[in-house]
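Please take a look at the model below.

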Amino acid sequence: MLVEFNTSNNRSFKSKAKLNMIATSIKDLEDEAIITTERMNLLKSAAIYGANASGKSNLLNSIAQMRWLVISSAKESQADDPLDMNPYLLDTKSSKKPTLFEMVFIIDNIKYRYGFEANNKRIISEWLFETIKIKENALFVRDKDYIEMVDKFSEGDRLEDKTRPNALFLSVVAQFNGEISTKVISWFRKLNMVHGIKDDLYYGLTVDMLQNKKTSNIILSFMKYADLGINNLKIKELENDFSEFDISNLSKKGKKEFKETLEELKSEKLTDVITYHNKYDDNKNIVGEAEFSLSKHESQGTNKFFNIIGAIIEVLIEGEVLVIDEFNTRLHPLLTRKIIEIFNSKKGNPNDAQLIFTTHDTNLLDREIFRRDQIYFTEKDQYGESHLYSLIEYKSKPRNDEAYEKNYIAGKYGGIPFIGDFESLMKFRKKRSKKQIL
C-alpha cells in the first residue's frame, strides 16, 4: 500500500511536492473511502486537478521515472546511460542540484521509506528505512560511493563495489536475491502506471486476461455493464505477414539479421478482439448477432475502456496501486465515476487496491464520491513553479457540505487556468464589399 510520494527539483516542482495517502481525521465517507490498517488509515483513491501545464502529469511522470529507475538501473544495458533527470530550470541554482525521489509504503505490515537523489551522471545519495513498530530504523544509507549498512541488511555486504555510480544500490542487491531488497523491488513492479492517452499499450494485458479462464468472465461482465451494447467478446488470431518488406538492398549481414528478427516476430501472435452486438429485423426483434472488429468498428471510448479494464481488474484482484494520467479522456463521466466508486467501496475493492489519477472532469468533485483529503490540486505560481496541495490543506478549510465543483470552477480553491480575453485578439479589419472596392 502506498503511504506517501515526495519529489523536489523535478520538472516544474522546485520545492518538495508531497502526495499523502494517509487519511486525516475528518469523517467524510469514512467507512467506504479508507483502508484501515494496524498502523494508520490510508486513502483508497486520490484525484489530482489543475490547469493545463500546471504540473499534474509532471507529478505522475515523476512516480513513473522513480519506478523505472528502481527496476532498471542495475541492468548492464544501462551501464553508460545518463539518468535523464529533469531538474527545475527556471532559477539559476536548481539546474545544478540533484533531483529527489522518495516513496513510503507498507509491505506485510512493515512501513518502508526508500528514496534517492540523483543528477544526470550519478546517484548522489540513497536510503532505505523500515518501521516495524514505532521507531524508524535505517537499513542502509548511501553518500555517493560510500554505503553504510546495518547487520539486518547484510544481504548488501560486498556489493558496494558492484554498484556503478549511475545504479541504485537497492537494485544491485535485488539482482543478487537479497530478501528485503527483492521485496521492495517487487512492490515497485506492482506499482501500475497507465497513460490515459496511450492506453493502447495495455491492450495486451486485457487480451491475456480475456484468454484466462479465471478472469475472462470478469472482463466480459465489465464490458457488458458499461452499456456499450456488447454481448460477447472473442479473440481472433491474425497471421503475421511480412512479405511486403523489400530486403534486396540490404547487406549480407543486414539480410541475415533481418531474417533472424522475422523469425522472432513470427512467433508472436497478433490478435484482434471481435465484439458481438444484437442484430434486429424491421420489427425490432432480435434475429441474431453482428460481429465487429474492436479496433476497426468500435468507438475510441470503447477501445480505451477495453484497453485499461485489464489493468483495473488486475489491481483490484491483487490489491495493488494503479496510477492513471488523463483518466477521463474518451470515457463518459458516468463510467469514470463508477470505476472510482468501485475503488472507494468495500464490496468492489475488498483487497484494498488504490487509485491515483489526474483529470479535468469536474463532475467528480462531489462529496458523495470523494473526501476532502482525496482531492488534490496543482497550481503554478508567477515564477513557473508547481505546487501540490489537497482540498483539506487549503487555507480556507472547506467544509464537507460545500459545493466542491461550483467553488473549484469559480476559482475558490485555485488550480484553474486564468484565461485572457481572446476576443480582444481578433482585431481584423472588416471585409469590404465589392461595391465599396469599386
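## Basis

This is a predicted model, in which local features need pLDDT of at least 70, side-chain atom pairs count only at pLDDT 80 or more, and totals for chains, interfaces and linings use all residues. Residues are numbered from 1 along each chain as its sequence is written, and side-chain values use heavy atoms, with hydrogens and water left out.

## The sheet

Six strands form an open sheet. Their order is β11-β15-β16-β5-β17-β18, with mixed pairing. Strands and helices are DSSP runs, numbered from the N terminus: E of at least two residues for strands, H or I of at least four for helices. Two strands pair if DSSP finds at least two bridges between them. The edges are β11 (191-195) and β18 (386-390), each pairing on one side only. Neighbouring strands are turned by 15° against each other on average, direction ignored. Axes here are lines fitted to C-alpha atoms, for helices over the stretch in contact, and angles run from 0 to 180 degrees between N-to-C directions.

## Strand β15 and its partners

β15 (residues 321-325) pairs with β11 in the parallel sense, over five bridges. Leu 191 has Val 321 as its bridge partner. Asn 192 stands opposite Leu 322. β15 also runs parallel to β16, joined by four bridges. There, Val 323 stands opposite Ile 356.

How many residues of β15 are buried? Five of its five are, where buried means under 20% relative accessible area, exposed over 50% and partly exposed in between (1.4 Å probe, protein chains only). Val 321, Val 323 and Asp 325 point one way, and Leu 322 and Ile 324 the other. In a regular strand the side chains alternate between the two faces of the sheet.

## Helix α10

Helix α10 (residues 333-344) packs on the sheet. The helix touches β5 (45-50), β15 and β16 (354-358), contact meaning heavy atoms within 4.5 Å. Its direction makes about 145° with that of β16. β15, α10 and β16 make a right-handed β-α-β unit. Right-handed means that, with the strands pointing away from the viewer, the path from the first strand over the helix to the second runs clockwise.

## Nonpolar cores

The largest nonpolar core has 52 residues. Such a core is a set of buried Ala, Val, Leu, Ile, Met, Phe, Trp, Tyr and Cys residues joined through side-chain atoms within 4.5 Å. Met 103, Tyr 114, Phe 116 and Ile 356 have the most contacts inside it. Helix α2 (residues 56-72) gives the most to this core, with six residues. Another core, of 49 residues, lies apart from it and includes Ile 309, Val 315, Leu 316 and Ile 375.

## Two residues

Gln 374 is found in the loop between β16 and β17 (375-380). Gln 374 is buried, with a relative accessible area of 0%. Its side chain makes a polar contact with that of Ser 45, at 2.9 Å. A polar contact is a pair of N or O atoms within 3.5 Å; within protein, one must be able to donate a hydrogen and the other to accept it, and residues adjacent in sequence count only if both atoms are side-chain atoms.

Asn 41 lies in strand β4 (residues 41-43). Asn 41 is partly exposed, at 28% relative accessible area. Met 21 is 20 residues away in sequence and 8.7 Å away in space, C-alpha to C-alpha.
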